[in-house]
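Hi,

Here is the structure I promised to pass on. Have a look at it first, and then read my notes below on what turned up.

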Amino acid sequence: MPFRSMPRANSLRYGTSANRSVVSREVLHVDGLQINVLRKRNRNMYLRVKPPYGAIEVTAPARMPQKAIMEFVRERRDWIDEALHKMAEARSRTFSSVNVDPNVPGSQVTAGRGARESANVDDGSASGFTWNEEYVARARESIERQLPDLLRKWEPVIGRAPTKITLRTMTSRWGSCTPKTGRIRLNLQLGLMEPKFLEYVLVHEMTHLWESGHGKGFQARMSMALPNWKDLRRELNRCTIFEVPQVQQ
């Protein structure tokens, strides 16, 4: 279920990337921003702001002077600030529901769009969300508690039932389905979010038991089952997926 959300597993990129091995790594500080520099054997530079906390990374040619790299970053400062702001908004939305346990922290949105002093990289500490064993257990318990009622509700509507549902620590998807086997996988993080998102993802994946792609057939079935599914998808795509420690399934 590869939703087109921003930001999620894919980074925001500016420039041209090259898939070449890393020659060296270094850290630069440019006007209050921490920049992770990867030097490779390529001709171009590119800039990436990586979710969920906005780590800034520049890939540069092996012999590119530091001064040139710093100027490259400064010239794109407005773009960086906008990317950081969008990621902060996405983090804030993810756990902002009143239905979520208030003990689960949410990220704070940066105060001013483009404000230099508020564009520092979020390290995921006090103002961010950090997974731990307690949250993993809480998320799993929440989903397992909701699933029986959801399945009873939606199996007659969809007309098919999954053979097995697995909860996984996904980093790039909210869910996935293998139609041939009937197996569905759900992102563990859904257990800490508003219940409507878990329900939407489950319906989405159960619909894939009929339709493997997202074409007209899939969309027609979704519209019949869940008329507001596009609104829910849009809301979910404005949230971010946080990396989860690997736990035994």
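For the salt bridges, the cut-off is a side-chain nitrogen of Lys or Arg within 4 Å of a carboxyl oxygen of Asp or Glu. With that in hand, Arg48, Lys50 and Glu57 come out linked in a network of salt bridges. Keep in mind throughout that this is a predicted model.

On confidence, then. The average pLDDT of the protein is 80, and 76% of the residues score at least 70. One stretch to look at with care is residues 106-127, where the pLDDT is below 50. Beyond near neighbours in sequence, that stretch has 44 contacts in the model. Residues 245-249 also stay under 50 in pLDDT, and the model gives them 12 contacts beyond four places in sequence.

Back to the charged pairs. Side chains of opposite charge can pair when their charged atoms come close. The structure holds 13 salt bridges, and here are some of them.

Aspartate 31 and arginine 74 meet through their side chains in a salt bridge, at 3.0 Å from N to O. What does this pair tie together? Aspartate 31 is in the loop between strand S2 (22-30) and strand S3 (33-40), while arginine 74 belongs to helix H1 (residues 66-75), so the bridge joins parts that are 43 residues apart in sequence. Aspartate 31 counts as partly exposed at 43% relative accessibility, and arginine 74 is also partly exposed, at 37%.

A second one links the side chains of aspartate 81 and arginine 77, with 2.9 Å from N to O. These two are 4 residues apart in helix H2 (residues 77-94), which means that about one helical turn separates them. Are they buried or exposed? Both aspartate 81 and arginine 77 are buried.

Then there is the salt bridge between the side chains of arginine 138 and glutamate 134, at 2.6 Å from N to O. Both residues sit in helix H3 (residues 133-158), 4 residues apart, or about one turn of the helix.

Now the aromatic side. How many aromatic pairs does a search of the whole structure find? The search finds 1. The partners are phenylalanine 218 and tryptophan 229, in an edge-to-face arrangement with 6.1 Å centre to centre and 90° between the planes. Phenylalanine 218 is part of helix H5 (residues 216-225) and tryptophan 229 is part of helix H6 (residues 229-237), so the pair ties together parts that are 11 residues apart in sequence. Phenylalanine 218 counts as buried at 1% relative accessibility, and tryptophan 229 is buried too, with a relative accessible area of 2%.

There is also a charge over a ring: arginine 160 lies over the face of tryptophan 210, at 3.7 Å from the ring centre.

Last, the cysteines. A disulfide is a covalent bond between the sulfur atoms of two cysteines. The structure holds 0 disulfides. Cysteine 177 is buried, with a relative accessible area of 18%, and cysteine 239 counts as buried at 2%.

Cheers

Key: Residues numbered from 1 in each chain as written. Heavy atoms only, no water. Phe/Tyr/Trp six-rings, centres within 6.5 Å; stacked < 30°, edge-to-face > 60°. Buried < 20%, exposed > 50% of the residue type's maximum accessible area, 1.4 Å probe, protein only. Lys NZ or Arg CZ within 6 Å of the ring centre and 35° of its normal. pLDDT = per-residue confidence, 0-100. Contact = heavy atoms within 4.5 Å. Disulfide = S-S within 2.5 Å.
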